[in-house]
Amino acid sequence: MTTLTKGNHADHAAEFIADSERTGWHDQALWFVRAKRDKAAQSVPEWERLRDLASQIKLHTLARLPDYLEQFEEQATRRGAHVHWARDAQEHNRIVLQILQDYGAKRIVKSKSMLTEECHLNPFLERSGIEVIDTDLGERIVQLLDEPPSHIVLPAIHIKKEEVGELFHRVLGTEEGATDPKYLAEAARAHLRDKFMKAEAGITGVNFAVAETGGFVVCTNEGNADLGISLPRLHIACMGIEKLIPRAQDLAVFLRLLSRSATGQPITTYTSHFHGPIPGGQLHIVLVDNGRSRIRQNPLFRESLKCIRCGACMNTCPVYRRSGGYSYDNTIPGPIGSILGPLQDPKHNYSLPYACSLCGSCTEVCPVKIPLAQQLLTWRGEIVRMHLLPLQKRLAMKAA
């Protein structure tokens, strides 16, 4: 498992930067994705109009969030889903465990979900004797390495294909020294297919939920979410309350922005809509607050809840690209993580707003127009006001 020395972002970044070769190709790989994003955005004449609309829809939803959450619960229940409310990560984990225990499920397949990473669901369930298999290829790689994701869209971007080959040889029995991506992907597919066939429940995240219909959307490029909930009879969807949008027609705005911003694709390979359980099955939706209501009430940082988790700010950030995701020591790294991290725990994450050159590139690429650079600068003032900035840094700034 990746371990970091105790300290701030700069200390952690130094460990990543020490491997100059890895730093170089990590930087180039993410800039390649950023360049793809630019080409995709330039291909849509109304791109800036879409960004404006997305920002306005999100701000409107946040203003009326309690009403829309109640509407979503009503419509989802009407369609046969069971809706649960979780105040924090601990309650979310207990709810999921109780659902699994009531159903008698011991083998779980899970598609990508940053919320379950935030809540540390996997180790919680494993301590109760439940097998949890991450089915996104990148997520499965880091899970086998006993590491967290280093990026919210590209969880294994920091790992070389040679390292994946060594891992798969050790764990899956592939040929020693194999590095061909197609061969390794096929080995992972065979390994995961067995897990899908034996699974007793499927867990997914939620990209967007629609108050008007009570339905939700999950976007993947591998189809693993669809497989994970089509074979078992039990589907648990874990959702942060900020993922809500008011109307079905609003989806068109966000789906055009999400994949272009994340990977430069016109749309994800699979955009799956769920409205109630499959015939003879159960659908449980867990709505999670975990500090989001508190952020919503904060006028300085409320707009951070507009985030649609595309990762564009990470792909463009010169600090993230050169310091790696683990240097942030936070579930969500990069510019948006440097805002959300201190909102969850300012004492632990005091250094993250300083992991920023204030170049403003993150603000320029954000599909929902979060003023990221401005919020990071604001956080620096808040860190000083809270007396969390170390004396050494305060003295250096006074001297400067």
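1. Start with a charge sitting on a ring: Arg64 lies over the face of Tyr68, 4.7 Å from the ring centre. Keep in mind as you look around that this is a predicted model. A second case of this kind involves Lys58, which is placed over the face of Phe254 at 5.8 Å from the ring centre.

2. Next, the aromatic rings. Searching the whole structure turns up 4 aromatic pairs. One of them joins Phe301 and Trp379: the ring centres are 4.8 Å apart and the planes meet at 15°, so this pair is stacked; the cut-off for stacking is under 30 degrees.

3. Where do Phe301 and Trp379 lie? Phe301 is in the loop between α13 (292-296) and α14 (312-316), while Trp379 belongs to helix α18 (residues 372-385), so the pair ties together parts 78 residues apart in sequence. Phe301 is buried, at 1% relative accessibility, and Trp379 is buried too, with a relative accessible area of 2%.

4. Now have a look at the open sheet of 4 strands, which runs in the order β8-β5-β6-β9 with mixed pairing. Its edges are β8 (244-245) and β9 (270-274), each of which pairs on one side only.

5. Within that sheet, β6 (residues 215-220) pairs with β9 in the antiparallel sense over 5 bridges. To find the spot on screen, pick Val218: its bridge partner in β9 is Ser272.

Definitions and conventions: Residues numbered from 1 in each chain as written. Predicted model: local features only at pLDDT ≥ 70, side-chain atom pairs only at ≥ 80, totals over all residues. Heavy atoms only, no water. Phe/Tyr/Trp six-rings, centres within 6.5 Å; stacked < 30°, edge-to-face > 60°. Helix = DSSP H or I, 4+ residues; strand = E, 2+ residues; numbered from the N terminus. Buried < 20%, exposed > 50% of the residue type's maximum accessible area, 1.4 Å probe, protein only. Lys NZ or Arg CZ within 6 Å of the ring centre and 35° of its normal. Pairing = 2+ DSSP bridges.
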